[in-house]
Amino acid sequence: MDTSQLFSLKGRSALITGGSRGIGRMIAEGFLAQGARVYITARKAEACDAAAREMSALGQCVSLPGDVSTLEGVQALVAQLQKHEKTLDILVNNAGAAWGAAYETFPESGWDKVVDLNLKTPFFLTQALTPMLKAAATDHLAKVINIASIDGIAVNPLETYSYAASKAGLIHLTRRMATRLAQDRIVMSAIAPGAFASDMNRTARDHGDEVAKRIPAGRIGEPEDMAGAAIFLASRAGDYVMGSTLVVDGGVIHTRGE
């Protein structure tokens with residue numbers, strides 16, 4: 001048994017949606033450090049381009065800006081990627097949205113925006129990229145990693161109805177798609193993050209010390225925690241993890257409901 005290259009991503013290509021900031025960027029930097037060619041996409045072109053330039057110090061990082069919340073945007077992204085790569089080793093479905101509002105006034109727009117991006121996009125983007133993933137799955141398996149949330153596993157008191165529902169749906173979709181994609185040598189799994197500093201989780205970003213008091217690990221997540229989980233699933237080390245969701249939250253989910 002040779003474990004020296006177990007976590008290596010050398011020579012592999014990866015596409016990360018929402019890769020310009022937050023959890024997506026943490027994963028992108030981790031993949032680059034392990035030798036992958038990384039493509040990031042985000043809706044804001046300037047931010048996406050700037051992030052790719054900054055991360056190019058770590059390895060080959062290319063910006064492919066666009067809006068993947070629509071099927072047209074999905075197809076446009078695939079077309080952009082195909083200008084650079086014939087195959088794709090790793091897809092990370094990370095782009096997401098959240099919406100909070102009181103139950104009595106929760107709007108349809110807050111439902112559609114969140115569910116479309118968090119649940120519909122991972123399905124249709126994976127579907128569109130399946131030929132490229134299959135083509136890459138020769139001497140190693142191709143990987144798809146969906147970024148879910150602990151809010152899709154255990155309820156928190158925030159009134160983020162569409163967010164919690166979409167992430168729970170994504171966890172179940174991961175199980176269902178994994179059983180189908182396995183026949184194409186594509187392994188799908190998911191990560192359910194807890195508190196990481198990001199624009200989406202401003203509480204963790206701006207009040208990390210206070211949030212840490214409610215986490216058994218005594219701190220919020222650090223970039224290495226997220227990068228490590230994603231590298232594990234994306235590399236040979238995670239080949240036998242299929243359809244499962246890896247919780248990366250410092251133990252906080254075990255305190256909910258107490």
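1. Asp239 and Arg236 pair in a salt bridge, with their closest N and O atoms 3.7 Å apart; the term asks for a side-chain nitrogen of Lys or Arg within 4 Å of a carboxyl oxygen of Asp or Glu. Asp239 is buried at 17% relative accessible area, while Arg236 is partly exposed at 47% (buried is under 20%, exposed over 50%, partly exposed in between, with a 1.4 Å probe and protein chains only).

2. A word on the source: this is a predicted model, where local features need pLDDT of at least 70, side-chain atom pairs count only at pLDDT 80 or more, and totals for chains, interfaces and linings use all residues. Residues are numbered from 1 along each chain as its sequence is written, and side-chain values use heavy atoms, leaving out hydrogens and water.

3. The salt-bridge count comes to 10. One of them joins Asp184 to Lys134, with 3.7 Å between the closest N and O atoms. Asp184 sits in the loop between helix H5 (161-181) and strand S6 (186-193), and Lys134 in helix H4, so the pair ties together parts 50 residues apart in sequence (helices, H or I, of at least four residues and strands, E, of at least two are DSSP runs, numbered from the N terminus). Here Asp184 is buried at 13% relative accessible area, whereas Lys134 is partly exposed at 42%.

4. Have a look at Lys120 and Asp116 too: their side chains form a salt bridge at 3.9 Å, N to O. Both lie in helix H4 (residues 108-136), four residues and about one helical turn apart. Lys120 is partly exposed at 33%, and Asp116 is partly exposed at 27%.
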